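I am keeping these notes as I go through one structure, element by element. I want to write down what I looked up and what I found.

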Amino acid sequence: MLGSTHGTLTTNSRHARAVACGRAPGPTVHVHTGSAGAGSAEEAEDRDVSGRPLYTGVPDLDRFFRPESVALIGASDTEGRPNTGITRQLVAWAERVGARLHPVHPSRPSVFGIPCVPSVAELTEPVDLAVLLVRDPLPVIEELAGAKVKFAVAFASGFAETGPEGAAAQARLAAAARRAGLRLLGPNTNLNAFEEFRDDLEGPAIALITQSGHQGRPVFTLQQLGIRLSHWAPTGNEADLETADFISYFATRPEVGAIALYAEGLKDGRGFLLAADRAARAKVPVVAVKVGRTETGARTAASHTGKLTGSDAVVDAAMRQFGVIRVNGLDELQDTAALLARARPPRAEGVVVYSISGGTGAHFADLATAAGLPLPVLSAERQAELHRWIPGDLSVANPVDNGGHPVGDQRGRKIIDAILADPAVGVLICPITGPFPPMSDRLAQDLVAAAEQTDKLVCVVWGSPVGTEDAYRTTLLGSSRVATFRTFANCITAVRAYLGHHRFTSGYRSPFDDAPRTPSPAVRKVRGLLRPGEQLSEHAAKQLLRAYGIRVPREQLVTSAAAAVRAAGLVGYPVVMKASAPQLAHKTELGLVRLGLTSASQVRDTYRELTDIARYDGVELDGVLVCQMVERGVEMIVGLSHDSLFGPTVTVGVGGVLVEVLKDTAVRVPPFGEDHARAMIDELRGRGLLDGVRGAPPSDVDALVEVVLRVQRMALELGDDLAELDVNPLLVLNRGQGAVALDALAICR
């Protein structure tokens, strides 16, 4: 049941056709391991139409985690000094990993009996890793350039986490590292990379990445429960090496079964997505706690690491796009990462709850079903088989209530084996709310024995608050085949993530493979419409949409009452009339929109009314729009905006005048494919409106998806010029009839 089955690192073949939004297939990206920034010239220059990279190399961090030689600059053996404890730890670590340690100190002949050299220039051999125990690492980084050191770690604080001056000092440090040709970890980091890892544990391991070292302790201590850890990367302020580098590296390591991440901020949004994409291709799960869900949390994180936290809704969507499993607590991080690291892919998605108490089974089933876990009803034949060993008055449909696990014979094991033999069952969960010897002891033994003989997932929730019982400490934790939890909630979270991860990776196709690399013809058409720093008129905004193939109503911009009457005749009654001007938003609130005009006299009078209102309010119009009136559809909104971390984003939601009240929206970060466009729509609470309610026919969801993809193309191609775009309302007509943008707001950067 538990074991490593990660696939090889490959790139999926490209779709034969480009989607209607104009995606242009580009060259296949080959993912490989190399030095930082390694890759062919084609790969290094492979960028999408927005200029953002579609490829990033995997840094070769082997000599960071397993160096052959280490320089310890600022080493000390004077008791009571902070550097002495660090030196002692690093001396022991170097001995464990077989690295030659070179203490560097200007006035000491030796440290802990190891001969010192007075300066970096006096090092007697090339050094893989330099550990800087100095207050100001900048001069030392510059010295390391001549020594050809591959990696350096700066522990010093007082950089970007302190404010603008510290950020400037950190930028100088990063620049010095680039000039020196080395990779830098930190500053404001710690010794977690040099902890003592257990080497007596087998099976797939967890690789840990944390910006705050203390927050990784719960995951690190999983070793005491028999779960292997292979690496710990404490990234600190990420002046150079960042979270994305370590995700990319760990995703290529054969011993890594899952990556556990604690992030306060992300340095580069696109870099993070490319790293998550590499992990998804390799089928290596990434489980993350990301700080910044609330304004307070975001503010605290920024002051601690000096990073942008970004909009949390965008961060959440971006992680889901690329299969990163976001959890809330450190307990969820450790339990979910442990399960995903060791569990084999599911044979089926059905979950069966097996309990010695009907109440326990019902309670757990309620929580599991609410979380979206599938609990199939067992077949009549399977239930009949279970009733051979379970009294007939107990329910065995799912949950399976055994009324008390048999102790004196093999019936209990036969019950468990029968459940696991069902082809619809992929996961068996046994919640044990408290120890009840000898029943709970025998139950634990039978579960472990059955798990040893099956390739299906067996989970146990040991609910005792004591946790010292032999059934838990020896039987359950002594088995690498049983996933053991302490709470219902963590078990459900982990199993949901397990099923979701394998569902996601089984059909994963990298959106970077199909990202457009060359501009569409629409770009040339719309450049003249853009006015830097200005809001476009509705008429100009609709011209943008029309250029990208988004349908708008028939309309004409007129500057006289007579022209309005002629336009209405050409457009066709009934018509809508709107005042049009740059910087004019919320026209309805100002009384500058009229609907359902059916005659020339109404059009003539309305023109005069609209211009009078505008003149009174001091609005300088560029004209009045006479528009085709389109009715009977579902009002949606599709738009683009900018996130400080990820750049252009695309939003879809329930639209109309109540859009800001309902706030029923979903967001994605380009590039994404049609599957994610549909997933965005399915996330909406108002999704049922598109299926038809109260006798209304179903709407043209395909047309809505098409508009989302076309707006995405605009986001990619015009993102540097277009700050915001709202298509609201986008009227989605009946199935097969398309969608029409009734209004649009565009603001240039």
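Predicted model: local features only at pLDDT ≥ 70, side-chain atom pairs only at ≥ 80, totals over all residues.

As a reminder to myself, strands of a sheet pair through backbone hydrogen bonds, either parallel or antiparallel.

How many bridges join strand β8 to β9? I noted five bridges between β8 (residues 205-210) and β9, and these two strands run parallel. For one example I looked up isoleucine 206, whose bridge partner in β9 is leucine 229.

**Helix α14**

Next I turned to helix α14 (residues 411-421), where I listed the buried residues as Gly412, Arg413, Ile415, Ile416, Ala418, Ile419 and Leu420. I recalled that an α-helix has 3.6 residues a turn, so residues three or four places apart point the same way. I also asked what covers the buried residues of α14, and the cover includes the strands β13 (350-355), β14 (400-401), β15 (425-432) and β16 (457-462), together with the helices α13 (380-386) and α15 (439-452).

**The cysteines**

Last, I searched for disulfides, and the structure holds zero of them. Cysteine 491 is in no disulfide, and the nearest cysteine sulfur, which belongs to cysteine 459, is 4.8 Å away, whereas a disulfide needs the two sulfur atoms within 2.5 Å.

Note on methods: Residues numbered from 1 in each chain as written. Heavy atoms only, no water. Buried < 20%, exposed > 50% of the residue type's maximum accessible area, 1.4 Å probe, protein only. Helix = DSSP H or I, 4+ residues; strand = E, 2+ residues; numbered from the N terminus. Contact = heavy atoms within 4.5 Å. Pairing = 2+ DSSP bridges.
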